[in-house]
Amino acid sequence: MSPRQANADNIPGSIGIHAHYGVGLSFPSPMNPPDYKFDWKLDDGTVIAIRTMRPDDALIEQDFVRSLSPRSSAMRFFSPVRELSAAALKKFTNTDFPNEMALLATVDENGTEREIGVARYAPGSGSAQVEFAVVVADDWQCKGIGTELLRHLFSIESEVGINSIEGLILRENKAMLGLARKFGFSIRRDKEDADIVLEYKGIQIQAGQD
Ligand SMILES: CC(C)(COP(=O)(O)OP(=O)(O)OC[C@H]1O[C@@H](n2cnc3c(N)ncnc32)[C@H](O)[C@@H]1OP(=O)(O)O)[C@@H](O)C(=O)NCCC(=O)NCCS
């Protein structure tokens with residue numbers, strides 16, 4: 001899949017993508033994802049919960065996608081997506097673990113849980129076993145949340161035996177390039193699409209450099 005053709009319905013982990021497994025990854029029976037939950041504090045004391053995406057997260061996931069700025073949405077979905085289709089929403093919130101998995105970052109706002117970020121992996125179209133994607137709410141960016149989401153996601157991938165991952169990003173996505181470098185990804189231009197940089201790492205994932 002070229003990111004140029006991507007939209008909310010054929011991004012990694014969504015409807016319409018062809019399952020493609022790299023060598024060494026074969027999980028024929030879908031399982032419910034384990035109930036991961038990690039609490040983590042920002043420097044200002046705000047508690048962020050990082051937890052498994054569940055089927056009943058459709059509402060907060062849709063609210064989150066609707067809240068994204070056009071730029072963040074375009075960086076994530078390769079064109080601005082105002083909201084997810086019902087099919088994409090269902091697919092996103094019903095992950096086929098361990099082939100795919102999603103982690104949410106949430107905060108408590110006056111007793112209501114608000115999604116402020118999400119990271120996922122799913123079978124992709126490249127040579128790596130899976131593709132990953134991450135997005136953090138605009139007003140929560142640059143606080144380490146993207147790093148923390150990916151740190152946990154990559155650690156889960158390692159646990160289930162996934163050792164090669166890739167991510168497709170737009171060339172101008174300096175924030176994601178920085179984050180990818182932090183995790184030690186190698187970065188290369190996609191041969192099929194000069195505007196796209198592709199990151200790839202074929203060995204065990206490091207847990208960030210913080
Ligand atoms: C990319 C994204 C997920 C980063 O999340 P984040 O929570 O803001 O990132 P962090 O605070 O953990 O920062 C991690 C690193 O990313 C880089 N980075 C983050 N924001 C940056 C920015 N605005 N400019 C340059 N580098 C940036 C830095 O290297 C940073 O490390 P440092 O803090 O040690 O300098 C976030 O900007 C985002 O959601 N963007 C829109 C969606 C997107 O582009 N997704 C990626 C494609 S799937």
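Student: Among contacts in the chain between residues at least 6 apart in sequence, what percentage join residues at least 24 apart?

Tutor: Keep in mind that this is a predicted model. Start with the contacts in the chain whose partners sit at least 6 apart in sequence. The share of those that join residues at least 24 apart is 65%.

Student: And how much of the chain counts as buried?

Tutor: A residue needs 20 or more other C-beta atoms within 10 Å of its own to be called buried. Across the 210 residues of the chain, the share that counts as buried is 38%.

Student: How many helices and strands does the chain have, and in what order do they run?

Tutor: The tally is five helices and eight strands. Reading from the N terminus on, the order is β-β-α-α-α-β-β-β-α-β-α-β-β.

Student: Is strand β6 largely enclosed or largely open?

Tutor: Look at residues 165-170, which make up β6. Five of those six residues are buried, so the rest of the structure leaves β6 largely enclosed.

Student: Which way do β5 and β6 pair, parallel or antiparallel?

Tutor: β5 covers residues 130-136, and two bridges link it with β6. One spot to check is Glu131, which stands opposite Glu166 in β6. The sense of the pairing is parallel.

Student: At what angle do α1 and α3 pack?

Tutor: Two numbers describe a pair of packed helices: the angle between the axes and the distance between them. For α1 (residues 58-67) and α3 (residues 86-93), the axes are 10 Å apart. The crossing is right-handed, and the angle is about 120°.

Student: Which residues make that contact, and how do they divide by type?

Tutor: From α1 come Ala58, Glu61 and Gln62, while α3 brings in Leu89, Phe92 and Thr93. Sorted by type, the residues of this contact are three nonpolar, two polar and one charged.

Student: Leaving out residues up to four places away in sequence, which residues does Arg66 touch?

Tutor: Take Glu83, which is 17 residues from Arg66 in sequence. In space their C-alpha atoms are 5.3 Å apart. With residues up to four places away not counted, Arg66 touches Arg82 and Glu83.

Technical notes: Residues are numbered from 1 along each chain as its sequence is written. This is a predicted model: local features need pLDDT of at least 70, side-chain atom pairs count only at pLDDT 80 or more; totals for chains, interfaces and linings use all residues. Axes are lines fitted to C-alpha atoms, for helices over the stretch in contact, and angles run from 0 to 180 degrees between N-to-C directions. Helices (H or I, at least four residues) and strands (E, at least two) are DSSP runs, numbered from the N terminus. A crossing is left-handed if the near helix is turned anticlockwise from the far one by less than a right angle, and right-handed if clockwise. Two residues are in contact if their C-beta atoms, placed from the backbone, lie within 7 Å. Ala, Val, Leu, Ile, Met, Phe, Trp, Tyr, Cys and Pro count as nonpolar, Asp, Glu, Lys and Arg as charged, and the others, Gly among them, as polar. A residue is buried if 20 or more other C-beta atoms lie within 10 Å of its own, exposed if 12 or fewer, and partly exposed in between; C-beta atoms are placed from the backbone. Two strands pair if DSSP finds at least two bridges between them.
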